[in-house]
Amino acid sequence: MGQYMRAITLIFSISAVLTAGQLAATPSQWRQYSATIEQSRWQLSSNTPLQCQLEHEIPNFGKAVFRSAAGKSLNMDFELQMLRRPDSYGLAEVLSVPPQWRAGEKTKTLASMRLLKQFNGDLPKKTAWTLLTELEQGFSPTFYYSDWYSPYDKVVAALNPVQFPTQYQAFSHCIAGLLPYSFEDIAFTVLSYESGGDQLTRESRRRLSQIAEYLKYDQEIESIDLQGYTDSLGGRWMNEQLSVQRAQKIKDFLVAAGVAPDKVQIEGFGERRHVAPNDSALGRAVNRRLVLQMAKP
């Protein structure tokens with residue numbers, strides 16, 4: 001490890017980011033990939049309440065992608081998308097290289113990234129956040145590994161922090177606006193009803209509003225199935241009609257929220273298929289329900 005860290009430090013001592021003209025001054029067995037100052041671009045490629053994605057092009061090598069998605073907890077992942085994916089298994093050492101103007105700063109070892117055959121490299125949440133912090137401070141996260149296609153070459157791929165701060169600020173604002181639930185959290189939902197009608201309970205009304213908010217942004221929803229049920233109070237025929245009425249009302253709500261009508265199917269089962277005994281108020285409350293199921297391709 002000490003050998004390649006000294007080599008990396010030597011290479012980046014000339015400049016914070018290597019340019020094509022400088023490659024000739026470095027050892028021939030090292031292939032360096034990094035955007036020049038003029039080429040460095042950070043792009044917020046996805047900016048919705050469902051996903052935030054920050055990208056950086058590494059010319060002739062691929063792309064670095066930071067991604068955070070809607071969910072119950074804060075998440076973050078990093079993917080090193082390579083034009084030429086690994087042809088064997090290995091490890092890439094992840095270093096943080098200081099800029100030229102920070103004389104005396106040492107190169108830091110951040111992590112080891114597993115490289116799987118024909119897959120892009122990726123890093124988990126904590127390390128991804130560390131990379132962002134290093135970039136914010138003007139450091140260059142750098143990936144160092146032996147080439148799979150040439151036994152004589154080593155590869156160095158670096159992220160250029162130039163123009164990073166502005167897009168990182170936008171990325172941070174996007175993350176702050178992510179919905180606190182994902183597709184998996186709402187794809188199967190049971191809504192409950194007050195007794196004797198099609199009025200949802202307060203908690204179910206809140207849940208339905210969340211679903212409608214999510215559906216504003218996810219265009220990949222293929223179908224939504226609504227299945228209405230009742231308790232056993234009242235006549236069987238009346239209960240079946242009430243269950244259809246409940247499902248239809250939810251469909252009307254979703255359509256008004258922007259869902260295409262042909263994506264929503266409804267069924268009413270009345271008091272059939274009860275999931276709790278109907279001989280108690282608690283059991284009947286459980287049976288007064290609508291099951292909502294969403295599917296993607």
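Q: How do strand E9 and strand E10 pair, and over how many bridges?
A: Strands (E, at least two residues) and helices (H or I, at least four) are DSSP runs, numbered from the N terminus, and two strands pair if DSSP finds at least two bridges between them. Here E9 (residues 140-146) and E10 (residues 154-158) pair in the antiparallel sense over five bridges. Within that pair, Tyr144 stands opposite Val156 in E10.

This is a predicted model, with local features needing pLDDT of at least 70, side-chain atom pairs counting only at pLDDT 80 or more, and totals for chains, interfaces and linings using all residues. Residues are numbered from 1 along each chain as its sequence is written, and side-chain values use heavy atoms, leaving out hydrogens and water.

Q: Which order do the strands of the open sheet with mixed pairing have?
A: Follow E1-E10-E9-E6-E7: five strands in an open sheet. E1 (30-33) and E7 (108-115) stand at the edges with a single partner strand each, so one side of each has no neighbour in the sheet. On average, neighbouring strands are turned by 20° against each other, direction ignored.

Q: And what is the order in the open sheet with antiparallel pairing?
A: That one also has five strands, ordered E2-E3-E4-E5-E8. Its edge strands, E2 (42-47) and E8 (121-123), each pair on one side only. Take E4 (residues 62-69) and E5 (residues 77-82): they pair in the antiparallel sense over six bridges, and Val65 stands opposite Glu79 in E5.

Q: Which strands of this sheet does H2 touch?
A: Contact means heavy atoms within 4.5 Å. H2 packs on the sheet, touching E2, E3 (51-58), E4, E5 and E8. H3 packs on the sheet too, touching E2, E3 and E4.

Q: At what angle do the axes of H2 and H3 cross?
A: Axes are lines fitted to C-alpha atoms, for helices over the stretch in contact, and angles run from 0 to 180 degrees between N-to-C directions. The axes of H2 (residues 125-136) and H3 (residues 164-176) come within 10 Å and cross at roughly 140°. That makes H2 oblique to H3 (under 35 degrees is roughly parallel, over 145 roughly antiparallel, 65 to 115 roughly perpendicular, and the rest oblique).

Q: Which residues meet there?
A: Trp129, Leu132, Leu135 and Glu136 in H2 meet Phe164, Tyr168, Phe171 and Ile175 in H3.

Q: Is Thr166 buried or exposed?
A: Buried means under 20% relative accessible area, exposed over 50%, and partly exposed in between (1.4 Å probe, protein chains only). Thr166, in helix H3, is exposed at 57%.
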